[in-house]
Structure formats: C-alpha cells, structure tokens
Amino acid sequence: MPTFDPSQFGIATLDFRVAGSTVSGGRSLSGIEDPVRTDGGGFVVADFGGGNMIDRTANLAWRALMAASDNGVTSIDVLLLDRRHQPVRRHGPAFTSAVVGTAALRATAMTISTNAPRKLRGGEWFSINHATWGSRAYQIATVAPNGSNFDITFRPPLREAVTDGLAVELNAPKCKMRLASAPSSAITGRLGTAAATFIEDMRLPG
Amino acid sequence: MRESFLLRINSSPVARVWSGVGNLTIPADSVEASPATYHGGGAMLNAPDFQQLINGVAERIEFQVSGVTAEMLALAIEDAPSVKGATVNLGRVEFDDNWQQVGSVEWEAVFRADTLSVSSQESEEGRTRTITLSVGTDDTDRSHAPLAFFTDADQRKRSSTDAIFDHVAAINAGTSRRFGPKE
C-alpha cells in the first residue's frame, strides 16, 4: 500500500479530526435545537494544505502518489505527522508503547504503557495496526496515570478488538485512508503548492 | 443520547448493515439467535420514516443501500432469489457518551421484501449507483377487495361459470326490465 508522508512535501497547514453526522430534532419554540449523533462514533479526516512543491523530488513524489491513489479508490496509509503535538522530542530517543490488557471492538477506553519522552496530555493521536482493518488512528481524549501505565479514553471507537502487548504507535501515527476528492490540487512551478484531503477508508477489508 | 439504526435482511446469507461507521456486534435477542456483527460505513444510505402498525394499514416503504459495496451488491445479484419475500427488520440501538451500547436493540418494525431495483445516475461528482429495496409491512393480510357489487365481473370471480348477473351491465338508471317468462 502506498504511504503518504507529509514531511516529504513541507506541509504548512494540517488538520486531523473525527468527523461524523448528526440528526437534528428541529428548532423548538424556545430556540433550542437538539442534535443526535447517528454515526456510531465517526471517522477520521485529515486535511493537508500549503504543501511546498518547489523541488523536483517533491513534485514527482506527489504525482506518483496521486497516480497510485486512483482518484480515491485505492486506499493509502497516511502518516498523521504532527510532531509538535505528539509526545516526542526532536532527535529524541526511540521509545515503544503497547496495549496493556485487552479492549473489545468499539471500546473507547483502554490502558497503554509508554516510555515516550514527553508526558501524555490528551489530544495526541496514536495508531494501532489491526490484523484485519489495517492501521487505524485514534485521538486521545483523556489521560489518567495508572501506576506506570496510563488509562486513556479516545475517539473514534476501536475498529477491531486489541490484545495485550499490541504495539501503539505514538511516534508516527498511521491511518488507512483514501483521497476524499479527486484530483487533489497541486500547482507546480517555482511557487507551487499542494493540498489534499483524506478520509478514513471504511470499506470492509478483504 | 446517541442512536443508530440497524437493517437486517433475512436473505441467504443474511445481510446486516447499520447506520454507523465500522463494525458493531450486538448481543443475541429475539431477532438474532446469536451475537451478530453489523457492518457500517457506506452501505446504508437512508432509513425511511415508517408508521407503527396500530390499527393502521399496511404501508410500503423503500430502503436505499449502496450499489457498490460487495455485500450489498450481492443482494442484487447472487442472493437476489432469496431476497424476495425475505423478512426485513429495522432496529434502533442507543449509545452512551462513550459510544457503548445501552440496553438491547429495539426492533421497531418488521417488513417483507418485495422488489429490488438498481439505479445508476450521473451527477456532477460522478456516477452514483444505488440499490432500492421495496418492502411492505409484514404480519398483515394482503387480500383482494371484498366482492361488494352484484356485477358480472364480481360474480364470475367468485364462480366463473355463473351467468346470473350477465345482464347487469345493460341496466341503466331508468331502464325497466320485465320479469317472468318470455311471451
């Protein structure tokens, strides 16, 4: 599977979020509107903008990736690289993180162990490489220390049950996604820029 | 409160989709004999409004599902013979703030599948293919209208050789017909 690595393109703006859909009950006489979410937890969306397409390597890498994505039909492993907001340090030591205990399909809480150089605060992204669904990204909502481990809650719900010891990727989270709109824009030239939006690929694997 | 909808088509094999994202496993209940996994994502396009059948009349509604996912496409191709007449259940499931299921699935309505149609339309974003499943309320009779009139058509439906109302069609208002033997 091709991999989209934003660091190749000098991406200037990025936005990772969990998107979903709601149903509203209509605006009441009091002016209040009560929405209900019907999507069962939502899916991950990643926006990349302001890619710097100034050199030949970046241009060709971008074009190759767009060719491989088949206008959004083929799924791509997208690296959600936002190192400033991950518990990592520049040139910092390598570290490992793993699931402690088990968590069921659609769980939104689990315990992890990590020796990341910076403290987990919530808001970080992590990914788990599931056996069937591939790499899926999750955003940490809350963190509570539990001995030497951390109890975390996260969104969206787990795509697949996880077992004890499964690796948790905090360094370079990766998510199986596809291009949301095709073709993505890339203006090449001396001041070329590129932008792309990816959404999580929720087609049944296999 | 958060809710999602489940659609179960008792074809062979059983098609199970829900309105959320990813897989959802529900516990065994009156509809599912054992815990079953529902597939989410792009499969279920809409869940139409329907009426609860309380002193009501049977209704006909249409479900639209995706025309490209393998599971749904199978409904229209290899599983098509088992879809006609299959029981269709529509359920509702509630979740708490952590997206964990609360209580069991509330099965709201039972339908019977009748016809499947595949439509493919061109739009600005590209071609869209959907499968429309037309279902009618189950557990109701679908009888003919009662034979209410002394007309030849109604009588022949009841008894095809009986010609007693043969001349009814010729009687208009103001026409008088003689009874008794011809002279």
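Let's start in chain B, where B:S12 sits in the loop between strand 1 (2-9) and strand 2 (15-18). Strands here are DSSP runs of E with at least two residues, helices are runs of H or I with at least four residues, and both are numbered from the N terminus. Before going on, note that this is a predicted model, in which local features need pLDDT of at least 70 and side-chain atom pairs count only at pLDDT 80 or more, while totals for chains, interfaces and linings use all residues. As for bookkeeping, residues are numbered from 1 along each chain as its sequence is written, chains are lettered from A and ligands numbered from 1 in the order in which they are written, and side-chain values use heavy atoms, with hydrogens and water left out.

Back to B:S12: its relative accessibility is 51%, so the residue counts as exposed. That word means over 50% relative accessible area, buried means under 20%, and partly exposed is what lies in between (1.4 Å probe, protein chains only). Leaving aside neighbours within four places in sequence, B:S12 is in contact with B:D79 and B:S82, where contact means heavy atoms within 4.5 Å. B:L75 is 63 residues away from B:S12 in sequence, yet the two C-alpha atoms are 8.9 Å apart in space.

Most peptide bonds are trans, and most residues other than glycine have a negative phi. The bond joining B:S12 and B:P13 is cis, with omega about -5 degrees. Chain A has a cis bond as well, from A:R155 to A:P156, with omega near -15 degrees. A:P156 belongs to the loop between strand 11 (149-155) and strand 12 (168-169) of chain A.

Now for the charges. Side chains of opposite charge can pair when their charged atoms come close. B:R92 is buried at 16% relative accessible area, while B:E106 is partly exposed at 43%. Both also belong to a network of salt bridges that links them with B:E3 and B:E94.

Which residue does B:R156 pair with? Its partner is B:D152, with the closest N and O atoms 3.3 Å apart. Over in chain A, the side chains of A:R17 and A:D15 meet at 2.8 Å, N to O; A:R17 is partly exposed at 32% relative accessibility, and A:D15 is partly exposed at 34%.

Finally, some charges without such a partner. A:D82, in the loop between strand 6 (76-79) and strand 7 (97-100) of chain A, is buried yet has no salt bridge. The nearest side chain of opposite charge is A:R84, 6.5 Å away. Not counting residues up to four places away in sequence, A:D82 touches A:L14 and A:F16. On the surface, A:R89, A:R118, A:K119 and A:R121 gather in a patch of positive charge. Patch members have over 30% relative accessible area and no salt bridge, with like charges joined within 9 Å and nonpolar side chains (Val, Leu, Ile, Met, Phe, Trp, Tyr) within 5 Å. Of this group, A:R118 is partly exposed at 37% and sits in the loop between strand 8 (109-114) and strand 9 (125-130) of chain A.

Technical notes
Accessible areas come from the Shrake-Rupley method with a 1.4 Å probe; for residues, only the protein chains shown count as cover. A salt bridge is a side-chain nitrogen of Lys or Arg within 4 Å of a carboxyl oxygen of Asp or Glu. Lys and Arg count as positive and Asp and Glu as negative; His and the chain ends are not counted. The place of a charge is taken as NZ of Lys, CZ of Arg, CG of Asp or CD of Glu.
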